[in-house]
Amino acid sequence: MLKMTEPVTMPEIVPESISANARFIDLEGIAMIWRRDMVRLWRQRSRLLGAVARALVWLFALGFGLRGSLGSIAGFSYEQFVFPGVIAMTVIFSGLQSAISIVYDREFGFLKEVQVAPTPRSTLVIGKCLGGASSSTIQALIILIFAPFAAVHLTPLNILATFVATFVTALAISGLGVVIAMWITDFENFGTIQNFITLPLYMFSGAIFPTRQVPGWLHTVLLLNPLSYGVNAIRGSLLGYEASSIPFNLGILLLFTVVMVGIAIFMSRKEV
């Protein structure tokens, strides 16, 4: 006589509860992306040498080449006035350059590996912004070694303030670079777009000329240029030039960063 057996029931597996923050922010993944950029910067030391060489060329060509023609500006010599602009130049060049790794990773498959991983899309964007901002800040602050050549007096307080202003500026520029990298589909076009954006942003930021008494159209361009606020913040931190506007400038940069990060996350969700 056959014995009836009851069907075996598998125990129900209850998925672990995922907090709301984990759905949008993966701190471990962000740290991994940031560390990857730091390791890449350490291995590619020619980037540091190139940033220093470029800054010195601009400092000596502009600061010492034009000081006789322009004279003093608000009590500062021209080489003193342009020195924060040289730091800002290093930030924008290195900040946009660091985002090129996204295009590189897309072509060689690393980007797809990150996208299929069980981590929110914001991980890549925030990690790349922090990594780009950190590498840009390191390269920019190396330029402070040459401050005595421009007769810029350094104190612990203005070095700390310059570090904060430089990092916030680099964060905004890195966010812009990530948006551009998400938009560009091939490696070759990124260099063209980068040059098309970098030079106008730098030239029309007030980095190499005072922004007072400029034409109306140029004043509008300066207001729309995010690097203008970074130049003002770095110059105010380093020289005390219009230092009262530093919080306002940093606030605009942080707002711009939030907008760029939001756009980049939205674009990353459309990646195949």
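Mentor: L199, M203, F204, W217 and V221 make a nonpolar surface patch of about 440 Å². A patch is built from residues with over 30% relative accessible area and no salt bridge; nonpolar side chains (Val, Leu, Ile, Met, Phe, Trp, Tyr) are joined within 5 Å, and like charges within 9 Å. Accessible areas come from the Shrake-Rupley method with a 1.4 Å probe, and for residues only the protein chains shown count as cover. The elements giving two or more residues to the patch are α9 (187–203) and α10 (216–224). Helices here are DSSP runs (H or I, at least four residues), strands are runs of E of at least two, and both are numbered from the N terminus.

This is a predicted model, in which local features need pLDDT of at least 70 and side-chain atom pairs count only at pLDDT 80 or more, while totals for chains, interfaces and linings use all residues. Residues are numbered from 1 along each chain as its sequence is written, and side-chain values use heavy atoms, with hydrogens and water left out.

W217 is called exposed because its relative accessible area is 56%; exposed means over 50%, buried under 20%, and partly exposed in between (1.4 Å probe, protein chains only).

Now the setting. The chain has 12 helices and 0 strands. Of its 272 residues, 47% count as buried. Its accessible surface comes to about 14700 Å², and carbon and sulfur atoms hold 69% of that.

In soluble globular proteins, nonpolar side chains tend to be buried together. The largest nonpolar core here has 66 residues, and F83, I87 and V125 touch the most other members. Such a core is a set of buried Ala, Val, Leu, Ile, Met, Phe, Trp, Tyr and Cys residues joined through side-chain atoms within 4.5 Å. Helices that each supply at least two residues of this core include α9, α4, α11 and α12 (246–268).

Helix α4 (residues 78–98) has 21 residues and reaches 30 Å from first C-alpha to last, close to the expected 30 Å, which is 1.5 Å times one less than the number of residues. Because 20 of those 21 residues are buried, α4 is largely enclosed by the rest of the structure. Leaving aside neighbours within four places in sequence, F83 is in contact (heavy atoms within 4.5 Å) with residues including L59, I143, F146 and L238.

R235, in helix α11 (residues 226–239), counts as buried because its relative accessibility is 2%. Among the residues R235 touches are F81, P84 and G206. N249, found in helix α12, counts as buried because its relative accessibility is 3%. N249 touches Y229, N232 and A233, not counting residues up to four places away in sequence.

Last, the charged pair. D37 forms a salt bridge with K128, the closest N and O atoms being 3.0 Å apart; the rule asks for a side-chain nitrogen of Lys or Arg within 4 Å of a carboxyl oxygen of Asp or Glu. D37 lies in helix α2 (residues 27–43) and K128 in helix α7, so the pair ties together parts 91 residues apart in sequence. Both residues, D37 and K128, are buried.
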